[in-house]
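Subject: Structure for you to look at

Dear colleague,

I am handing over the structure we spoke about, with the sequence alongside. Please open it first and then read the notes below, which go through what was found in it.

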Amino acid sequence: MLYDLRNSDLRVRWLVTLLLATLGTSYLFGAWMVGLYAGFSTSKVAETYGSSGEAPMVMQMPPETTVVAEHAVSMGEMGDEQHHVDKDLLVQDTHVHMPMYAVIAAALSVIVLGLSMSRASGLALIGLLFAAPWLDFAGMWLTKIVSPRFAVVTLAGGWAMALGYGIVAAVATYQMWWRKQ
Amino acid sequence: MKLILCAVTAALLHITPTVIMVKRQDAVAHLLPGADQFAARELHLSSADSKKLHDAVGWEPPDGVVTFYVGKHQDQTMGALIFMRVDCQHGPIELAIGYDPRGTVRGVEVTKATVEMKPWILEALRAGLTNAYNGMATTQAPNGAAKVKPQIGAMPDYMAELVDKGVMHANAAYRLFYK
């Protein structure tokens, strides 16, 4: 153990508790946002990130000459379309989210370093904290460029993120405030 | 310290959620007045036409499809409308650009933006940005940003330039391919 959260200064434990509470709150809102824009089922995730959702009538190759197709639509069909993340937006999302995910995983890993647990458990937990965002974005990219079936990887990433945070928050809170020795 | 700097940088770069500025249905009602029948005209561009569009305005649709919504009343065309997305490092904005039957711009609405961009766009709109497009020919270069620049700040001016860009893309697509 590099330092011992159980016996650390009250201010350190207060900081860690507030950090965990703030991250937990942001995760809850993150889950809410996922529910609003992507969904929690593989089919919804595939629809959001897969190439099929980009344009239902898109031809795979550009036609030899420009083709015009016209069909009647209702006012409702012109309304706000289902949220879809195309390649350009995914590039942007990956660019801005990955650094933040790395910082969050690092912050949680620093907390793990102060927990009383075996070296192997610590390694596994830190591995899980960093694997989650990788799985999340790898799933989105694979869903887009390989197959919608990879949506399950994104779901695994999301759940891994929740699991990693849950373990750190529960163990840290228990060791800091209840199990002092 | 490095960690804190990274966190601050990442937070600053984070794209904020999308907000609806004007509902699409309201934009359709405003830009295609009187229309009660609608058709989606999808133009699947050939490589040559995509290149033509790119040469004209430096943009082509990423999926190769341009969709115009045509509004009719009793089989008479009341105009056409296109939704156009413009990306920047603060996130995407979506515009609705309406055309009257003569082919001039009837109006422009900003339908979507991000939470961060919303106040900048509102400032540009309050300065009369979209009035600058009303009645313009599709051959004209949009200059809404230049018109409102003296009355607004730097970021609203940047947003106005993005709106100009979106209108320019839409006008080129209309001029070149809408028949």
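Two strands are said to pair if DSSP finds at least two bridges between them, and this is the sense in which pairing and bridge partners are meant below. Please keep in mind that this is a predicted model.

On one side of the story is strand β4 (residues 76-88) of chain B, which pairs with β5(B) in the antiparallel sense over 9 bridges, and the two are joined by a hairpin through 2 residues. Within this pairing, Ala80(B) has Tyr99(B) of β5(B) as its bridge partner.

Strand β5(B) is also joined by 6 bridges to strand β6 (residues 105-114) of chain B, and these two strands run antiparallel. Here Leu95(B) stands opposite Val110(B) of β6(B). The hairpin of β5(B) and β6(B) has 5 residues between the strands, and in this hairpin Gly103(B) takes a positive phi near 95 degrees.

Turning to chain A, you will find 5 helices and 1 strand, with the elements running α-α-β-α-α-α from the N terminus on. Of the 181 residues of chain A, 38% count as buried, while its accessible surface comes to about 10,300 Å², of which 69% belongs to carbon and sulfur atoms. Among contacts in chain A between residues at least 6 apart in sequence, 78% join residues at least 24 apart.

Methods: Residues numbered from 1 in each chain as written. Chains lettered and ligands numbered in written order. Predicted model: local features only at pLDDT ≥ 70, side-chain atom pairs only at ≥ 80, totals over all residues. Heavy atoms only, no water. Helix = DSSP H or I, 4+ residues; strand = E, 2+ residues; numbered from the N terminus. Buried < 20%, exposed > 50% of the residue type's maximum accessible area, 1.4 Å probe, protein only. Contact = heavy atoms within 4.5 Å. Areas by Shrake-Rupley, 256 points an atom, 1.4 Å probe, with all protein chains shown as cover.
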